[in-house]
Every structure is written in structure tokens, then in C-alpha cells.
There are 2 protein chains.
Amino acid sequence: MRGRGPWWQDRLQGMGARITAPRELIIEILHETDDHVSAADVYVRAHQINPSIGLTTVYRTLDMLTQLGIVQKFDFGDGKARYELVNNPNGKKHHHHLICLRCKTIMDYTEFLDEELEFVSKTQGKLSKKYNFTITDHAISFYGLCERCR
Amino acid sequence: MRGRGPWWQDRLQGMGARITAPRELIIEILHETDDHVSAADVYVRAHQINPSIGLTTVYRTLDMLTQLGIVQKFDFGDGKARYELVNNPNGKKHHHHLICLRCKTIMDYTEFLDEELEFVSKTQGKLSKKYNFTITDHAISFYGLCERCR
DNA sequence: TTGATAATGAAAATCATTTTCATTAACTGA
DNA sequence: TCAGTTAATGAAAATGATTTTCATTATCAA
């Protein structure tokens, strides 16, 4: 992160993966984005910069980065997955949503994180011990009816 | 629920929807299931009992029931949505998952619900007031690496 | 520099879900 | 009870996201 080579290259090379132009570009794009983006979003940006990049590669790269734990994949129920760097300096870090069951609007909220942090860290600790699970992130969604729909 | 007619019929008729054989069957199937099922799961069961029912109708009915708040729709990120009756007597009631980022296994956990209940009801109250949102349910997911993958 | 092979991109294939449209059936009013 | 209105249905086609195939290209180790 502050060393010589980009932080993520070690991770790829460590598992025998190669450092390629498409991969560099896709990670760069994720870096300069402060929100969760779809594969198509990434493809559009990537393609502007380097038109030879294909959508297939975007999918494959995002999947690989997810497997590596570098990227987190989200599913909000609207049919397309979203991706975000796990350690994004600009990232929202928390993923909390209010989802309207009727109009399907997804709202982010950022309030009440103090109570939540307390609950999450407690629960996370117990869960990782009990299930031998390394927990890196979480998502909380509340479902219901929004102001306009109820 | 203890009255004469099935509890859900009023809800449908109240919004001008008709009571039909496919709808009755689909709700009955959801009732006797204690887990979240995919549209295809419902279709298979329904089709065994009444082969004239089509997959399209299953999708349409599940969607309508979701809009009505009778059914809750979930997205676990494996490409197919799951559905469950909101007030299912056999239902798990809570939806808490531990999701492995590598092998994509989804585990349910049911521990530590006391702490959670406290947190959820507090947060839920504040959120519904602040956003004017009627909250009916929630889902919490922890992401990481499972025992075998880390 | 070169060879083995991982990575790529275009096109085709998949898979879940939605739309279209002609037919059927539920309810409303007579 | 019956007939007419129209919501609901089902089959097939369409859609849209994601995955697979396969021939070509490019990375990196020797």
C-alpha cells in the first residue's frame, strides 16, 4: 500500500495469476469510484479508456477479485450484481439499505452506525468463533414500504 | 386466520384481485414449506399437483404477493430469487446468513438473536421515523471466508 | 528470446425473469 | 342463474445479465 509496487499485484502473482492491462485498468476504475458499480458500469468506463477491453473480461476479472476478497459483490435484488473494492479509501464501508417491497427503491442510510457497530462487532466475534469463519464485511437490509407506497 | 374464509383472500379481493385456483395452490405450497424457495421450486410442486399451471403464473403470483407484503423476496446472489411467506408459522422468521466469498456457500445461523433483536428494534424504530418507512422485515448477511476456504 | 500456457475478446449459449397475445375463467349486475 | 366484462392464464417469444466456447494474443519463466 505504501511499498513500491501496487498493493494488489502481489495478491495476483501469489496465486499464479498474471498482471495484465485489463486487470490494471479495472482495478484503477474501481479505485476511483466511491460507490458500488455494476459490471456494465465498469465495462463502459473501461471501454472509454481502452476500447479493446471486452465485457467478458470485466466479468471474469470482477469474479476473480471477488474470490480473492479484494472486491465485494452485492446483490440488491434488481437483477444485476454490484461490486466494490473492499478497502476502498472512498468507499462507504457500510452497506445498509432500506428496500421498498412495492416500488423496489433502494435507499442507503448512514445513521445510527454507533449502535450498529456495537452489535456487529459483538455478533461477528461470536459467529467467527462458533463457525470458524473469517468475517470481512456485512450488509444489513430492512424491508418494508416507503413513504410514497404505503 | 381463525375466521371463515382463508386469511389472504380478503387482501386480494380488497385490491380487486380475483381468487383463482393457481393463486390458491401457490399460497398453499408456500404454507407447507418451511424454507425460502425459488420460483422454479414452487413451479415444480405446483405442476405436480396441477399440470396446467405455468411458470409465468408462478412468477406473476409471487410478485403480486410480494407487492402485497404477504410474501418476502430474497436475493442471495446466486442468480435466482427466493420467496417465503412473511407470516409463515413454520418459517424461520429471521434471515441471517454467513456467506463465503470464495465457495459461495450460504449458511443460516440462528444464534445470538437476543442481541440482534435489541439492535434491530432500536434501529428499526429510528429509521422508520426518520424516513417515514414502514419496516416489516430485515436481513443481515456477514461476508467472509468459511472454514474450508480460508 | 522463446515457448508454455494463462488471459483475452467475440460470438454463441445459458438461465432466470418478463412480455406478448390469444384464450379462459372469475365476478358483477341483470 | 346467466351473460358480459375484463382480469388472469399459459405458451411462446423476448429480454437481459452472466457464462461458456474457442481461436488468438500476450505474460512471464527459463
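**Between the domains**

Tutor: Let's start here: there are zero salt bridges between domain 1 of chain A and domain 2 of chain A, a salt bridge being a side-chain nitrogen of Lys or Arg within 4 Å of a carboxyl oxygen of Asp or Glu. This is a predicted model, where local features need pLDDT of at least 70, side-chain atom pairs count only at pLDDT 80 or more, and totals for chains, interfaces and linings use all residues. Residues are numbered from 1 along each chain as its sequence is written, chains are lettered from A and ligands numbered from 1 in the order in which they are written, and side-chain values use heavy atoms, with hydrogens and water left out.

Student: Where do the domains of chain A run?

Tutor: Domain 1 covers 1-88 and domain 2 covers 94-150, with bounds from an automatic or database domain assignment.

Student: What makes them count as in contact?

Tutor: Contact means heavy atoms within 4.5 Å, and five residues of domain 1 of chain A are in contact with six residues of domain 2 of chain A.

**Cysteines**

Student: Why is Cys146(A) called buried?

Tutor: Its relative accessible area is 9%. Buried means under 20%, exposed over 50%, partly exposed in between (1.4 Å probe, protein chains only), so Cys146(A) is buried. Cys146(B) also has 9%, so that residue is buried too.

Student: How many disulfides are there over all chains?

Tutor: Zero in the whole structure; a disulfide would be a pair of cysteine sulfur atoms within 2.5 Å.
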